[in-house]
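This report describes the fold, the contacts and the surface of one protein chain. The sequence and structure are shown first, and the description follows.

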Amino acid sequence: MARESEKQPKPKAIIVGGSIAGVSCAHALTLAGWNVVVLEKTCAPPTGSPTGAGLGLDPLAQRLIESWVGDPDSLRKATVPLTIDQNQAIDGKKIRGTLTRDENLNFRAAHWADLDGLLYNALAEDVFLWGHLFLSFSISDDKSCVKVKSKVLETGEIIETVGDLLVAADGCLSAIREHFLPDLQLRYSGYCAWRGVLDFSENENSETIQGMRRAYPDLGKCLYFDLGSGTHSGIYELLNKRINWLWYVNQPQPEMKGKSVTMKVSSDMIEKMHQEAEMAWAPELVRVMKETKEPFLNAIYDCDPLEQIFWDNVVLIGDAAHPTTPHGLRSTNMSVLDAAVLGKCLEKWGVENLSSALEEYQSTRLPVTSKQVLHARRLGRLKQGLILADRKPFDPKTASLEDCEELQQKNMPFFADIPLPLNS
């Protein structure tokens, strides 16, 4: 089915968005025999103080990334193990006891910028066009090509890029998805998340860090979740002596400005967060929050699963295809696997059978991502003590053993058995 002539020019894919989904897709499509160009509005690769926060990679995503970067050790050197998934009850600012503990998680933790840099540096230098803001696209009448207009931010120049396939890796607020689904609305979860990364590389023997080691003795290999009444937090360690933390807070939907789910926070908002943390969490975690520079606040959204994720020669991947809440550590892992499956389908069918390739990609991924998005939604509502149709709100003080079992990461649909195209 794939093209037989090596002399024919390689097909070309234009990827909009250079975060994890986009850079993963660049790897997968390059291996499938495609020429790839990535349009990224950021003006340069991340350097210096990295933006973003922590993420967790499941075993399949780890294997795929290792195959792309060509050196299995490089991923291990950029991550730390997350072998334990532990949920514990917090009451009166004290850790009261373990609700669940799974010692077979087999994830690895990375900082977003570390993983993004690892993947980017393993690509050819000419793949990324930095400082290119996507403006619009058009599909030729005969559906044979797609033209993408972008603006070079440094000069203001408008350029046109022509390819066989447009890949929308432009995130949960995707402008390309909006072209096909203009009435689609994201669903506000009912809560926001304070996030931060504490760098303790120069203070590893401080009382704050020693206190964290005592309160969270498996830090460095454990994904901790502290659950209070109507709230929960997540804590795990990152490479180079950093602690990643999240705190989910139930609140009315905030007014969002611009194309981002990250809200600008004032010093007063941060001070109020610190004060409220003192009433909710163990003092060891509160000190970490207070010592974290530049914490940020994300409004948490997802959307009901889409029925379609490609149109002609335009395809969605990552959060553009399936906006999800963070619970279950799915966003990055779904993005990596989207890229891998898309690459395998394109390699199998060839550009002359592009529609068949995209059909197989869609039919392979949608049943998986749809269930995972809905499970992540349920898990978030469960841990936040919000209403669910089939059960009472979860309360760690009164939860039964059966209730607590629902909290575990391993309950995610397709957790260890994800359908892949043949010959993958």
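Just after α2, residue G70 adopts a positive phi of about 80 degrees. The model discussed here is predicted. Helix α2 itself is mostly covered, with eight of its eleven residues buried. The buried positions are L60, A61, Q62, L64, I65, E66, W68 and V69. Their cover includes the helices α1 (20–31), α3 (72–77), α4 (112–121) and α9, together with the strands β3 and β7 (107–111).

## Salt bridges

A search of the whole structure finds 22 salt bridges. One of them joins D58 and R330, whose closest N and O atoms are 3.2 Å apart. D58 lies in the loop between β3 (54–57) and α2 (59–69), and R330 in the loop between β20 (314–316) and α9 (331–349), so this pair ties together parts that are 272 residues apart in sequence. D58 counts as buried because its relative accessibility is 5%, under the cut-off of 20%. R330 is likewise buried, at 3% relative accessibility.

| Salt bridge | N to O distance |
|---|---|
| D58 and R330 | 3.2 Å |
| E103 and R101 | 2.8 Å |
| R377 and D304 | 2.9 Å |

In the E103 and R101 pair, whose side chains meet at 2.8 Å, R101 is partly exposed, with a relative accessible area of 36%.

The side chains of R377 and D304 meet in a salt bridge of 2.9 Å, N to O. This pair links distant parts of the chain, 73 residues apart: R377 belongs to helix α10 (residues 354–383), and D304 to the loop between β18 (296–302) and β19 (310–311). R377 is buried, its relative accessible area being 14%.

## Domains and annotation

The chain is divided into domain 1 (12–76 + 114–185 + 303–386) and domain 2 (81–109 + 189–302). Their C-alpha centres lie 28 Å apart. Domain 1 contributes 32 residues to the contact, and domain 2 contributes 29 residues.

An unreviewed UniProt entry lists residues 13–179 and 308–372 for "domain: FAD-binding". Over residues 308–372 the chain is 58% helix and 8% strand, and the C-alpha atoms at the two ends are 16 Å apart.

## V80 in strand β4

V80 is found in strand β4 (residues 80–82). Is this residue, V80, buried or exposed? At 13% relative accessibility, V80 counts as buried. Leaving aside residues up to four places away in sequence, V80 touches R108, A109, G220, E237, L238 and L239. The C-alpha atoms of V80 and H111 are separated by 9.9 Å, the two residues being 31 residues apart along the chain.

## A nonpolar surface patch

On the surface, L133, L135, L153 and I158 form a nonpolar patch, and together they have about 320 Å² of accessible area. One of these residues, L153, has its place in the loop between β10 (146–152) and β11 (158–163). L153 is partly exposed, with a relative accessible area of 39%.

Conventions:
Residues are numbered from 1 along each chain as its sequence is written. This is a predicted model: local features need pLDDT of at least 70, side-chain atom pairs count only at pLDDT 80 or more; totals for chains, interfaces and linings use all residues. Side-chain values use heavy atoms; hydrogens and water are left out. UniProt positions are given in the numbering used here, feature names are shortened, and annotations may be inferred rather than shown by experiment. Helices (H or I, at least four residues) and strands (E, at least two) are DSSP runs, numbered from the N terminus. Patches are made of residues with over 30% relative accessible area and no salt bridge: like charges are joined within 9 Å, nonpolar side chains (Val, Leu, Ile, Met, Phe, Trp, Tyr) within 5 Å. Accessible areas come from the Shrake-Rupley method with a 1.4 Å probe; for residues, only the protein chains shown count as cover. A salt bridge is a side-chain nitrogen of Lys or Arg within 4 Å of a carboxyl oxygen of Asp or Glu. Buried means under 20% relative accessible area, exposed over 50%, partly exposed in between (1.4 Å probe, protein chains only). Contact means heavy atoms within 4.5 Å. Domain bounds come from an automatic or database domain assignment.
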